[in-house]
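Here is a short report on one protein model.

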Amino acid sequence: MRILQLIDTLDTGGAERMAVSYANALIRRTGYAAVVATRRTGPMAALLDPGVRFLVLGKKRALDIPALFKLRKWVVAEKITLIHAHSTSLFFATLLKCTLPSVRIVWHDHYGDSEFLEKRPSTLIRLCLPFTWKAIAVNHRLVDWLRSLGYQNVTYLPNFPATATTLDTPTFLAGAEGKRIVCLANFREQKDHLSLLEAAGIFFSQKPEWSLHLVGKDFHDPYSDNVKHVVADDSRLKGRVYFYTASFDSLAILSQADIAVLSSRSEGLPVALLEYGLMGKAVITTPVGEIPHIIQHQHNGLLVAVGDTACFADELLRLSEDGQLRAALGEQLQKKVAGEFSEEAVISSYFRLLEHKRNE
């Protein structure tokens, strides 16, 4: 079976990271893997294994006929049999199948606003699902939602963290060693950096020697502008909060951190959380998306209700003063991630899924 990972771009993001991770995992195990970015390439392309076949279509609009037939020609030449379509690339994969019925589509649904599925547009998805051989969802809410649309061939399959990076010069964090808090999250509203900053302000009032490091893609929009203004205008935060662009050396960054946090209002299954676990970090997070299925409060992390900044600050204070608790929580989360969310575990499940369906 020759599998193509289809994705809109290779910008930094969870779905893009997983498309690259699947391709790299597949070429190591099968000797072949391919990635097609339908619109444009991006920084994540630097993480592709050199052996992965890679094509950029340069699609200009949703229905781009020249790009579609460029893809069709390439798929035929590469003898690809399965299209693993990530997120919104499902539509283009469906168009391809209409011109090349022999290919099969596995759709990987990474939708991050899973707390608000009642607002998710479904018309296009309903049109594409009859052409979809199998769907993978990154959390159980998405599984239930797709089944509510009448589509039953959907399976939960978790993300997994990548263990390798390619940067020659890793990111070095400012702030005092042993007193750093890291948040790996692109600057989107659903990540709710503002609640995190409010909690950090309360915390810094008691622990001014600590620092907070926000790592993620900056879309230079009103949301990220507001986050920066809040930091600039708050004396508790100024000089204690640092911004870093989205980086591929997240494991090197986490190696310099003592506490890792997420304050999201909604999530799918954040790769950042799995990276926190991979590095054995003590975590404070909100219980959204698949997170409550991973984090057990006070066993392998700390859960705080969305928007409860006072509680978030209290938990930061507790972890900052208890190194043994940090170590214990980090160790338990590391065991959880190693056992259930490793590349080996997830790719084995992926192959069983494909083999099962092939035998139907």
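In β10, Y242 is the bridge partner of H213. The model is a predicted one. H213 belongs to a group of side chains, S211, H213 and V215, that point one way from β9. L212 and L214 point the other way. All of these residues are buried. In general, side chains in a regular strand alternate between the two faces of the sheet.

How many of the five residues of strand β9 are buried? Five of the five, across residues 211–215, so β9 is largely enclosed by the rest of the structure.

Strand β9 has a partner in β10, residues 241–244. The two pair in the parallel sense, over four bridges. Strand β8, residues 180–184, also runs parallel to β9, and five bridges join them. Within that pairing, L184 has V215 of β9 as its bridge partner.

Helix α6, residues 193–206, forms a right-handed β-α-β unit with β8 and β9. Helix α7, residues 222–233, forms a right-handed β-α-β unit with β9 and β10.

**Cysteines**

How many disulfides does the model contain? The count comes to zero. A disulfide is a covalent bond between the sulfur atoms of two cysteines. The cut-off used here is a pair of sulfur atoms within 2.5 Å. The sulfur of C183 is 17 Å from the closest cysteine sulfur, which is in C311, so the pair is too far apart for a bond. Seen from C311, the closest cysteine sulfur is in C183, again at 17 Å and too far for a bond. Their surroundings can be stated too. C183 is buried, at 2% relative accessibility. C311 is partly exposed, with a relative accessible area of 26%.

**Surface and accessibility**

L63, I65 and F69 make a nonpolar surface patch of about 290 Å². I65 lies in helix α2, residues 65–78. Its relative accessible area is 42%, so I65 is partly exposed.

I202 sits in helix α6. I202 is partly exposed as well, at 28% relative accessible area. The C-alpha atoms of I202 and L237 are 9.5 Å apart, while the two residues are 35 apart along the chain.

The accessibility values of individual residues are collected here.

| Residue | Relative accessible area | Class |
|---|---|---|
| C183 | 2% | buried |
| C311 | 26% | partly exposed |
| I202 | 28% | partly exposed |
| I65 | 42% | partly exposed |
| H220 | 61% | exposed |

**Positive phi angles**

Where is H220 placed? H220 is in the loop between β9 and α7. Its phi is positive, about 50 degrees, although H220 is not a glycine. H220 is exposed, at 61% relative accessibility.

S87 is another case to check. Its phi is near 55 degrees, a positive value in a residue other than glycine. S87 is found in the loop between β4 (82–86) and α3 (90–99).

**Back to the strand**

Buried β9 carries parallel bridges to β8 and to β10.

Note on methods
Residues are numbered from 1 along each chain as its sequence is written. This is a predicted model: local features need pLDDT of at least 70, side-chain atom pairs count only at pLDDT 80 or more; totals for chains, interfaces and linings use all residues. Side-chain values use heavy atoms; hydrogens and water are left out. Buried means under 20% relative accessible area, exposed over 50%, partly exposed in between (1.4 Å probe, protein chains only). Two strands pair if DSSP finds at least two bridges between them. A crossover is right-handed if, with the strands pointing away from the viewer, the path from the first strand over the helix to the second runs clockwise. Patches are made of residues with over 30% relative accessible area and no salt bridge: like charges are joined within 9 Å, nonpolar side chains (Val, Leu, Ile, Met, Phe, Trp, Tyr) within 5 Å. Accessible areas come from the Shrake-Rupley method with a 1.4 Å probe; for residues, only the protein chains shown count as cover. A salt bridge is a side-chain nitrogen of Lys or Arg within 4 Å of a carboxyl oxygen of Asp or Glu.
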